Amino acid sequence: MTTAASSAHAHAEQGHTPFLQHHFREMSQQFDAAKIGMWLFLVTEVLLFGGLFVGYGIMHARHPEAFMAAHHHLDRTLGALNTIVLLTSSFTMVMSVWAAQTDRKKLLILFLALTILCAGVFMVVKYFEYSHKFHEGLLPGKYYSHKGDTVPGQFMFFSFYFMMTGLHGIHVLAGMVAIAWLLVRAIKGHFSSQYYSPVEITGLYWHLVDLIWIYLFPLMYLIS
Amino acid sequence: MSEGVLTAGAGHAARHADYLEEPKGLWSWLTTVDHKRIGLMYMWSVLFFFLVGGIFALLIRLELLTPKQTIMDAETYNRVFTLHGAIMVFLVIIPAIPAALGNFALPLLLGAKDVAFPRLNLASLYIYWTGAAMAVATLALGGVDTGWTFYTPYSTTTGGGVSLMVLAAFVLGFSSIFTGVNFIATIHKLRAPGMGWFEMPLFCWGMYATAIIQILATPVLGITLLLIVMERVLGVGIFDPQLGGDPVLFQHFFWFYSHPAVYIMILPAMAVISEVIPTFSKKTIFGYKAIAFSSVAIALLGFLVWAHHMFVAGMSLFAGVIFSFLTFFIAVPSAIKVFNWIATMWRGSISLEAPMLHAISFLLIFTIGGLTGLFLAALSTDVHLHDTYFVVAHFHYVMAGSNLIALLAGMHYWWPKMYGRMYNRKLAAIASAIIFVGFNLTFLPQFVLGSRGMPRRYYNYLPQFQDLHVVSTVGSWVLAAGLFLTAAYLLASFRQPKGMPANPWGGRTLEWETTSPPTTHNFEGQPVLQHGPYDYRPEPAPVAVKELAH
């Protein structure tokens, strides 16, 4: 005598949207599960980058002069510009979530588009930075061919520079795809104050991508 | 009301199509989001690779029957033991219980319709298949001979399929992470109404602890493996001493994942045992909270012991002492579990069905494996035993023996729930005895070999070691015979008619409340929990009255 059929009234009570999946009892449960899932995913992201940050820290401690000398090849102005661009995109992402929560469809579309735009600007700046490095032979590992170095071992810095900013760049691109998907769904009118969890959890992801850059910027561009 | 009683009584008359029958067709299986079907596909995939890895194991043992060459040359031998290790660790033991049995049983035990993210679950299976295909494809590139640990600088400087194998392990990590994310979200949000954290079956606590490790450790392995690829492709220098890097750093990174990973292997095994023992002792589990919290304690402490793999790799004595102490400390929660299981069996009414026989094998084998771990945790003895057969025997007892015997216990326990059919129980009991004898015959002599100085991974050995090697090789044949017998009667069970009652073992957890096999949505409506998972009090009479009667 242990089970009871009680799902019928649970479904009847909820004024649920067509987006409630069959295995959840109500929207709030589905929303909470999605949020837990995204936070756990972000933990794995932190640990993924964490390995590179630890490696960077140890190698920096062993070769301080090489890292110091190598970082002068980076352009602080472009790095700062990208930092501002990404921070702005975090702001527009927050506004997107707010617009979805308050049923402002047009503003939602606008802010999502602005977020993609900022991410695009970031990638364009990164493209110019990368091509400048390629041109000068400032490449990772055995491909490093920069002429006229006075301090040896600078290839190690560029190994980490390209691995870390590269992995971060892949995350920015993935974020752009996810936000573009949100934009399509926003135009179709899927999101409302009843159902906005995709916007919210993509926002969580996007803030982490920004946060990682906030750490990468001083680590790479501002060594002293 | 209890559907279980209804179904068992009413027979097949009012039966809905079960999840195996409906919908039909291969395509419906390949695109399913049903956790039970995904669990079964994981289970058969794992069993297939267990067969492959097992054949490699038999080849290794056959080669070691005599010193010098028996059936293969030294180069081949190196590739065979590497593939044996890599396949068994990444394709078999890590996904065995969580992805196969966990996927099948966890939502049922929680009274849920599915896991929280069913599509992510299916993605995890496809990622597993992709990683498996990549691992097998390394054979075409001449194989890998680094050992499953991929130690640098050897792994970054040799040819062959190292990059592909390492990427395969990287890809497989994602399937593990997806399972972990899914399980934590499911346990948090999809418990049946009335099921608080401490009304959950202990299997769920074990899966929760496993998922914590999968989420926290796997990404670190992922980036470490990517660094090996980067080292090979770009020569980044981080692990290469000639370029100012540090190969010992690789070992730290690697074991920061791979030691917690051995708890990804053992915690799910403990989770299965915590279900089987109360069901077949017909007694409430002893020390519920102690078992639940010791799982979480193992998951967290497991992150603080990785350097005990590296006592002789160049580490300060101070760090060695700390890691040695922490390693001793983690034996405490493991021992708590063993004592609680034995106390559960104490004065229970034990029925020696196959799952219970495997559970008792587990207790013995895990205890031997756990206690010999303490020899290796002690700094002074580890210097002698490091990289000998003692280590090989120890980790086969905890990783192979404990995990796979618990997998067998779980498969025998839930088989009637999975397929609605029963295997030949007498043969199952005989097979469990053969497996137990075969396993010990294979690996007990290796403790002696190791303590006498037989190094691991060696192709050749001194003549005085041959007697024990012969015993070990014969043991591997006995073990294989037991496993093939198991495969035979499990497959033969498909010729039995479907018709198991909902609750063939008299269990008290929720999966026994629904039909065997369950329908696609698991339960008719939402089950509401009305008694604890191990509540074996006779139902009509309160406990107090019953005790007076004695």
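Trainee: What should I know before I start?

Mentor: This is a predicted model: local features need pLDDT of at least 70, side-chain atom pairs count only at pLDDT 80 or more, and totals for chains, interfaces and linings use all residues. Residues are numbered from 1 along each chain as its sequence is written, while chains are lettered from A and ligands numbered from 1 in the order in which they are written.

Trainee: How many helices and strands does chain A have?

Mentor: Helices (H or I, at least four residues) and strands (E, at least two) are DSSP runs, numbered from the N terminus. Chain A has seven helices and zero strands.

Trainee: What radius of gyration does chain A have?

Mentor: The radius of gyration is taken over C-alpha atoms; the globule rule is 2.2 Å times the number of residues to the power 0.38. For 224 residues, a compact globule would come near 17 Å, but chain A has 22 Å. Along the principal axes, its C-alpha atoms fill a box of roughly 75 × 45 × 25 Å.

Trainee: How do I check the span of helix H2 of chain A?

Mentor: The expected span is 1.5 Å times one less than the number of residues. H2(A) covers residues 27-62, 36 residues in total, so it should span 52 Å; its end C-alpha atoms are 52 Å apart, which agrees. H2(A) also has a kink of about 25°, centred on Gly50(A). The bend at a residue is the angle between axes fitted to the seven residues ending there and the seven starting there.

Trainee: Which residues of H7(A) are buried?

Mentor: A residue is buried if 20 or more other C-beta atoms lie within 10 Å of its own, exposed if 12 or fewer, and partly exposed in between; C-beta atoms are placed from the backbone. The buried residues of H7(A) include Trp206(A), Asp210(A) and Trp213(A). The buried residues of H7(A) pack against H2, H3, H4 and H6 of chain A. Across chain A, 37% of the 224 residues count as buried.

Definitions and conventions. Contact = placed C-beta atoms within 7 Å.
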